[in-house]
Amino acid sequence: MNNYLETNKQRFLDELLDLLRIPSVSADSKFKDEVRRAAEFVRDKLTAAGLDDATLFETLGHPVVYAEKIVDPAKPTVLVYGHYDVQPADPYELWDTPPFEPTIRNERIYARGACDDKGQFYMHIKAIEAMMATDGLPCNVKVMIEGEEEVGSDHLGTFVVEHRDMLKADVILISDTSIISNETPSLETGLRGLSYVEVQVTGANRDLHSGVYGGGVANPINVLCDMIASLHDENGRITIPGFYDNVMDLSEDERAELAKAPFDLNEYKRDLAINDVAGEKGYSTTERTSIRPTLDVNGIWGGYTGEGAKTVLPSKASAKISMRLVPNQTPDEITELFTRHFTAIAPSGVTVRVTPHHGGMPYVTPVDSIEFEAASKAFEDAWGKKPVPTRGGGSIPITALFEKELGIKSILMGFGLDSDALHSPNESYGLFNFYKGIETIPYFYKHYAELKQ
């Protein structure tokens, strides 16, 4: 196996770079053809890897790519999930090199999607290829790679429901998360959910001269800023009534266990070039970014932002807001609470509209399962040390739906780093992580097949 990986490592990298050159941005309709081209690329590589029936399944949005290899119906089946779509690369001017012209420097691949999730799901295709070309697959495998994860996987739920029999498996394997460091591997045991909304505050029926009307009518930008500022109190807690009602609090023992994960606060601040951290009082940085819910403004706009000056009171101001959720919170509940509160706090001189975008449920995977044990053993084989169980701060909304509709758990076997700049300019993925992932994944299949006997 290792000889095959070493012999083909440059080809594996070259193929990934070709995939990264495709600007498969699902959020922007102008990239629709490129999103399809990425799907076709993945389909062809699944076939080349030796899987059967590689197909594009059409949805009302972007296609789902599916392939499988059933070596023995009596053996356990692993369903691999990933996504070939990527976040928008804007603002392009903040990239050191073009986002869709992958560049390797300092042993890292710089490109949009390098880690999230092209580099990570492509490891699975190459690992499957390596297993089939050498010792054979110890488990059956099904691969499902979608093209709408970055916009909420709106149509994957329908696809899963309509293809339950085809997707029947024993476990779902996902690489779209991170490890603590290249020296300290880890396995995420949970993810936060998500509620994502867009808000618009409207004042007068047109933009107004700020000299003629300033001081006499509400300025939507000022109002919006005041409303957003009121959503947190002086202790960093979210002020929406009922927001914390269903939050699952960890016990002191559980918090102590979480605190065992290596974390250097000073290095964290140095990496981000900040003087201090912030967040909810009474919790550590690792807790704030994993086991506590949040509310953050992801974008805000209104009025004149071009070159020079234009003295206007804008008619409208808008913002995009995301709320990360923890177990027992649901996106529908939180979206309703937010909408009710945000509308209620608006002053009488403006009107407010809240538009929900997408959301997802929080997710927790048990650490006492055969599947988790197989993943832990795989990391131990590859790294020479056991991985540390951690909680992830991000969201993969489809994991809860998989459990609901397919009745199986997901294992979050990620290989990225928090410093990979996901969703940001200069996203990157380490060559070490790419190759280490391809090395580690076959160990999961080996141990899983043994443990399921």
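Q: A crossing is right-handed if the near helix is turned clockwise from the far one by less than a right angle, and left-handed if anticlockwise. Which hand does the crossing of helix 1 and helix 3 have?
A: The crossing of helix 1 and helix 3 is right-handed. The structure is a predicted model, in which local features need pLDDT of at least 70 and side-chain atom pairs pLDDT 80 or more, while totals for chains, interfaces and linings use all residues. Residues are numbered from 1 along each chain as its sequence is written, and side-chain values use heavy atoms, without hydrogens or water.

Q: What geometry describes helix 1 and helix 3?
A: Helix 1 (residues 2–20) and helix 3 have axes that come within 10 Å and cross at roughly 145 degrees. Axes are lines fitted to C-alpha atoms over the stretch in contact, with angles from 0 to 180 degrees between N-to-C directions; helices (H or I, at least four residues) and strands (E, at least two) are DSSP runs, numbered from the N terminus.

Q: Why are helix 2 and helix 3 called roughly parallel to each other?
A: Helix 2 (residues 32–48) and helix 3 (residues 118–133) pack at about 25 degrees, their axes 9 Å apart. Roughly parallel applies to angles under 35 degrees, and helix 2 and helix 3 are therefore roughly parallel. The contact (heavy atoms within 4.5 Å) involves Phe41, Val42, Lys45 and Leu46 of helix 2 with Phe121, Tyr122 and Ile125 of helix 3.

Q: What is the class make-up of the contact of helix 2 with helix 3?
A: The contact of helix 2 with helix 3 has 6 nonpolar residues, no polar and 1 charged. Ala, Val, Leu, Ile, Met, Phe, Trp, Tyr, Cys and Pro count as nonpolar, Asp, Glu, Lys and Arg as charged, and the others, Gly among them, as polar.

Q: Which peptide bond involving Pro91 is cis, and where does Pro91 lie?
A: The bond from Asp90 to Pro91 is cis, with omega near -5 degrees. Pro91 is in the loop between strand 3 (77–83) and strand 4 (103–105).

Key: Angles under 35 degrees count as roughly parallel, over 145 as roughly antiparallel, 65 to 115 as roughly perpendicular and the rest as oblique.
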